[in-house]
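Please read these notes with the structure open beside you. Each numbered point takes up one topic.

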Amino acid sequence: MILEGAIRIPFKYAAGRAGSRFLVALRDGMRIVASRCETCARVAVPLRTLCPACGGDDLAEVEVGPGGSVIAWTQTPDAGSYALVRLDGADTAFLHRLVAAPAGCRIGQRVRVRFASSRRASILDIDGFEPVTGEGR
Amino acid sequence: MNEAILVPIEMAATWRYASGAAMERFCDGLRERRIEALRCGVCRRSYLPPRPICGNCHAPLSEWVSVADEGRLEAWTVLQVPMLDARTGSIREAPYGMGLIRLDGADTTINHYLAESDPARLAIGLRVRAVWRPEPRGAMDDIVHFEVLR
C-alpha cells in the first residue's frame, strides 16, 4: 500500500533595505532600480547595499531597463519559459519568465520587461520579459 | 525610513511512501470503520497503530485484535496558535483540542484531534468516541476527531 503525504509551509521574509526599495519602485513607479558601485563601476540589479563584485559600500541608485538582451533561456517541463536577461545599463543578469512564445527565442534576443497591471511590491509585479521585434542593436 | 517589505512565500511538497504490511492491514480496516491492533504473544501488549515488532520484548507480532472506536482520554491540550495539520499539509485554525487516546482493547495511545476545544470541559479520564468521515478512504483521517461522551 502506498500512502501519501503533503505539507504546505507559508512564511514571510524581510526583503531588507535595498530589497524593499527595489520592490516599492516596481510597484509605485514600474521602475527597475540597480546599484552602481562608485569603486568598481559595476551596476548590479536588483539594488544592493553592498557591491557583489568588490564589496564596496559606496553605491549610487540607478535605473536600468526596461529593455535588455537574453543571455540564456530555458523551457521547463510544464511549458513555462525562463530567461536570464542583461537589462540595459546593468552588468548582472536578471531571471524572470519569458511571457511570449519562446519558439524563436535566441541568445542575444532583444526583450522588454512587461509589468503587471496589479502590483503589490512583489517580484511578480513584473509579468516577465516579452520579445521586442524590429529593434536593432 | 523606507517602507519595509515582507515577501510571502509558500513552499509545498508532496510525497508517497510504502505503508508496510502492518499499516496496510490497519488502513484496510479503517475503510470499513474497523480498528485493529497487533498484540505481542509474549507480553500481551496491544499496539495501536500496529507495529511489526514489540517494543518491549522485540518479538515479531502477528496476532490481530479488534479495538473499539471508544476509549479513554489520557492527556489533552488546546492549541492556541494555528498549526500545520500533518495529515493535509495545510494550516488548521486555532483553537482546537488534541488528545492522547487509549482505545478500549489497546495498550498504547494514539494522538488525534478532539471535537472539544474548551479547556474547562476537558479532563484526563474522560470517555471519548471516534467521529468517522462519511466515506472512509483507508487513512488515519478517516477519523475526523474524537468527541467527548458525557
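1. Start with helix 1 of chain A, residues 16-29. Its 14 residues should span 20 Å at 1.5 Å a residue, and its end C-alpha atoms lie 19 Å apart, which agrees. Keep in mind that this is a predicted model. After the helix comes A:Met30, which has a positive phi, near 50°.

2. Which residues of helix 1 of chain A are buried? They are A:Ala18, A:Gly19, A:Ser20, A:Arg21, A:Phe22, A:Leu23, A:Val24 and A:Leu26. The buried residues of this helix pack against strand 2 and strand 9 (126-131) of chain A.

3. The largest nonpolar core contains 29 residues. Those with the most contacts inside this core are A:Leu23, A:Ile32, A:Ala34, A:Val45, A:Val85 and A:Leu87. Two or more residues each come from helix 1, strand 2, strand 4, strand 6 (81-87), strand 8 (110-115) and strand 9 of chain A. Helix 1 of chain A gives the largest share, five residues. Apart from this core lies another, of 24 residues, including B:Ile35, B:Ala37, B:Ala106 and B:Phe146.

4. A:Leu23 deserves a separate look. Once its neighbours within four places in sequence are left aside, A:Leu23 is in contact with A:Ala15, A:Ala121, A:Ser122 and B:Ile5.

5. Next, the sheet. Three strands of chain A form an open sheet in the order 3-2-4, paired antiparallel. Strand 3 (43-44) and strand 4 (59-64) of chain A are the edge strands, each pairing on one side only. Strand 2 (residues 32-37) and strand 3 of chain A run antiparallel and are joined by two bridges. A:Arg36 has A:Val43, in strand 3 of chain A, as its bridge partner.

6. Strand pairing also links the chains. Strand 1 (residues 2-14) of chain A and strand 1 of chain B run antiparallel, with 13 bridges between them. For A:Tyr13, the bridge partner in strand 1 of chain B is B:Val7.

7. How many residues does each chain give to the contact? Chain A gives 23 residues and chain B gives 24 residues. On the side of chain B that touches chain A, strand 1 (6-18) and helix 1 (21-31) of chain B each supply at least two residues. Strand 1 of chain B provides the largest share of that side, 13 residues. By type, the residues on that side of chain B are 14 nonpolar, six polar and four charged.

Terms used:
Residues are numbered from 1 along each chain as its sequence is written. Chains are lettered from A and ligands numbered from 1 in the order in which they are written. This is a predicted model: local features need pLDDT of at least 70, side-chain atom pairs count only at pLDDT 80 or more; totals for chains, interfaces and linings use all residues. Two residues are in contact if their C-beta atoms, placed from the backbone, lie within 7 Å. Helices (H or I, at least four residues) and strands (E, at least two) are DSSP runs, numbered from the N terminus. Ala, Val, Leu, Ile, Met, Phe, Trp, Tyr, Cys and Pro count as nonpolar, Asp, Glu, Lys and Arg as charged, and the others, Gly among them, as polar. Two strands pair if DSSP finds at least two bridges between them. The expected span of a helix is 1.5 Å times one less than its number of residues. A residue is buried if 20 or more other C-beta atoms lie within 10 Å of its own, exposed if 12 or fewer, and partly exposed in between; C-beta atoms are placed from the backbone. A nonpolar core is a set of buried Ala, Val, Leu, Ile, Met, Phe, Trp, Tyr and Cys residues joined through C-beta atoms within 7 Å.
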